[in-house]
Structure formats: C-alpha cells, structure tokens
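Here's a quick briefing to read with the model open beside you. Take a look at the picture, then work through the points below.

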Amino acid sequence: VAAPTLILHDPGERVVPFAAAENLARIVGARLVEAPKSGHLPYVSRPAECLAAIDPFLADVAAAESRR
C-alpha cells in the first residue's frame, strides 16, 4: 500500500482479532488507532471518536505532502 493508511480497530473485536490489525498495520506501514468499545463498525457505533482519530491523521498527511 503506497497511500497513507489509518486503521481504526476495537481491541475487543471478535470478528477480526486485534492482532490481525496490528499485523496489517506493520505490513503496510499504517497508523493503528485503538477504538475501544466500537465493535466491528466503529464509524457507525462511535462516529465522534472516529473523527477524532481521522482529523489529525489527515492533518499529518497534508503536512507531509506540503513538505514534498
């Protein structure tokens, strides 16, 4: 994956274990953010917390792009 990537994942997720998110983040160089108690669809169950993680991620991406 060549694009900046953010992974939001609930450590208590039962469908996809947190270790899988950790491995994926390590493989693709993604930023992994824990989203506790958000279940399988954090953007549905906890939208405010998701935005709180997405906004600084996008700001960091924009800042990195402007330095190029």
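**A quick tour**

Tyr 43 sits in helix α2 (residues 42-45); helices here are DSSP runs of H or I with at least four residues, strands are runs of E with at least two, and both are numbered from the N terminus. This is a predicted model, where local features need pLDDT of at least 70 and side-chain atom pairs count only at pLDDT 80 or more, while totals for chains, interfaces and linings use all residues. Residues are numbered from 1 along each chain as its sequence is written, and side-chain values use heavy atoms, leaving out hydrogens and water.

**Around Tyr 43**
- Tyr 43 is exposed, at 56% relative accessible area (exposed means over 50%, buried under 20%, partly exposed in between, with a 1.4 Å probe and protein chains only).

**Strands**
- Strand β1 (residues 6-9) has Ile 7 and His 9 on its covered face, with Leu 6 and Leu 8 on the uncovered one.
- β1 runs parallel to strand β2 (residues 31-34), joined by 4 bridges (strands pair if DSSP finds at least two bridges between them).
- Across from Leu 6, you'll find Arg 31 in β2.

**Helix α1**
- Phe 18, Ala 21 and Ala 25 are buried in α1.
- Looking down the axis of α1, the buried residues fall within an arc of 55°, so they line one face of the helix (the arc is taken from the directions from the helix axis to the C-beta atoms).
- Arg 26 and Ile 27 are exposed, on the face of α1 turned away from its buried side.
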